[in-house]
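Dear colleague,

I am handing over the structure below, and my notes on it follow directly after. Please read them alongside the coordinates.

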Amino acid sequence: MPATLQFLGGVRTVTGSSHLVKCLKSEVLLDAGLFQGHRDEFYKVNTTFEYNPHKLDALILSHAHIDHCGNIPGVIKKGLSCKIYTTHATKDLSKLMLEDSGKIQEEDINYVNKINRRLGMPLRKPLYTKKEASKATRKFHPLSYGHRFCVARNIFATLVDAGHILGSSIIVLDIKDGVKTIRLGYAVDLGRRGLPLLNDPVIPKGLDYLILESTYGGRMHAPIQDAESRLRDAINRTIERKGKIIIPSFTLERAQEVIYFLNKLIREKQIPAIPIYVDSPLATDITEIFQFHTDYLNAESAEAIKRGDSPFEFLNLRYVRDQRESKNLNNDKRPMIIIAGSGMCESGRVLHHLKNNIEDSRNTVLVVGYMAKDTLGRRIVERLRYVRIFGVEYELNAEVVVINAFSAHADKAGLVDFINKALPLKRIFLVHGDEEQSLALFNTLQGMGLNAYLPAKNEEVLLE
Ligand SMILES: [Zn+2]
Ligand SMILES: [Zn+2]
């Protein structure tokens, strides 16, 4: 039986990454991401499997973002019993991310069931609970970067640094097919060179095939230094007006990058040392993991932490776990910076801060991440005159500053550069992108005379 690769999810879209590699006697899954969409579609897509989880010999997880690890508890509920391989940092981060995902789902289902009970409709269950998420991570088996490891009969895996978030990996599989060995690379997601906390992505050598993300297949990012200067200007402007700066932020990687830059700006006296609050228990826990797993940081950050000079700990920075303390920030009228989740302003503590601060024109909402369509975050980015929070309309008078330079994904130039350094390649499969972005990269690669391919969902291809 020749080796095959099936694209189960995260094709022509950015969420729900999952791919199945099969060869004689072995089945290995790469990622089991959560498909994110409206409630009904969410449940349908995330509970429909094109394979038998029972038959899997191994699952290899690239990184702790929920669109890559978020359906692991769901696959376990459907029968997965094999080991799950990933890095040490990803194991620890995934535990927090999955528990949080379980908690959000339980809350959502409680809300839905309250309505369904009133209407006499059947009650629903979450995909998985916080407890099930926590149990799932017991199957995780940590690996170090660079070690070649037999994960299933005839399949060896090596993880190398993807430079995307803490602990993220490019997965390299050596698949034995009779007398020959096929080398497959999986760079989903691929990081960006020069990120402040991480090492640059490693280029795997000797690949036959490459599965590559294409989130920004047709776009270029502004340099990361732009993020720093725009952050500085927005903060100084707001302080002059005696306002507050609210930063809605994703809790994993983005929050830590923002803290890193704030520390640097204060150190260099580019902004005054006003109080900074990280108002998120999850971001607080994640930041602790960053300080624990220094091996996964770049040399500069790792050494700073080891000599007691952590970019995540400074005098005017405070991590807020307690809900009362979070609410008390509303009574404090001094200029301050509040970093809070959720990243797209759909839930979490940031909602209270937005509600209390967006009507005052002295304040600033500083957007540092992607805001999807139909989210409160997107409405703020579009600077609508009125926005609805907890069912009440608020006038948006605060300044809105959008900084796009923070991305942790390779842009078009980064993707092309990575491919050029990984050549020769028999074929490049483009996944993890909205169709127009994947197509843009596809056209670029074809123009370079390379064999690029845009697979369809559930399509299966031969690896020869
Ligand atoms: Zn990611
Ligand atoms: Zn992703």
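Cys345 counts as buried because it has 26 C-beta neighbours inside 10 Å; a residue is called buried if 20 or more other C-beta atoms, placed from the backbone, lie within 10 Å of its own, exposed if 12 or fewer, and partly exposed in between. This is a predicted model, in which local features need pLDDT of at least 70 and side-chain atom pairs count only at pLDDT 80 or more, while totals for chains, interfaces and linings use all residues. Residues are numbered from 1 along each chain as its sequence is written, and chains are lettered from A and ligands numbered from 1 in the order in which they are written.

Cys345 also has a positive phi of about 65° although it is not a glycine, and it lies in the loop between strand 15 and helix 11 (helices, H or I of at least four residues, and strands, E of at least two, are DSSP runs numbered from the N terminus). The loop between strand 15 (337-340) and helix 11 (350-357) also holds Ser342, and the peptide bond from Gly341 to Ser342 is cis, with omega near 10°. Asp374 likewise has a positive phi, near 65°, but Asp374 is exposed, with 11 other C-beta atoms within 10 Å. For context, most residues other than glycine have a negative phi, and most peptide bonds are trans. A cis peptide bond also runs from Val188 to Asp189, with omega near 10°, and Asp189 is found in the loop between strand 10 (180-187) and strand 11 (209-213).

The domain assignment, which comes from an automatic or database source, gives domain 1 (3-219 + 408-463) and domain 2 (224-402). Their centres, taken over C-alpha atoms, are separated by 29 Å, and the contact takes 19 residues from domain 1 and 16 residues from domain 2, where two residues are in contact if their C-beta atoms, placed from the backbone, lie within 7 Å.

The largest nonpolar core has 126 residues, and Leu59, Ile60 and Leu212 have the most contacts inside it; such a core is a set of buried Ala, Val, Leu, Ile, Met, Phe, Trp, Tyr and Cys residues joined through C-beta atoms within 7 Å. Both domain 1 and domain 2 give residues to this core, so it lies between them.

Finally, 7 strands form an open sheet of mixed pairing in the order 6-5-4-3-2-1-22, where two strands pair if DSSP finds at least two bridges between them. The edge strands are strand 6 (140-143) and strand 22 (460-463).

Best regards
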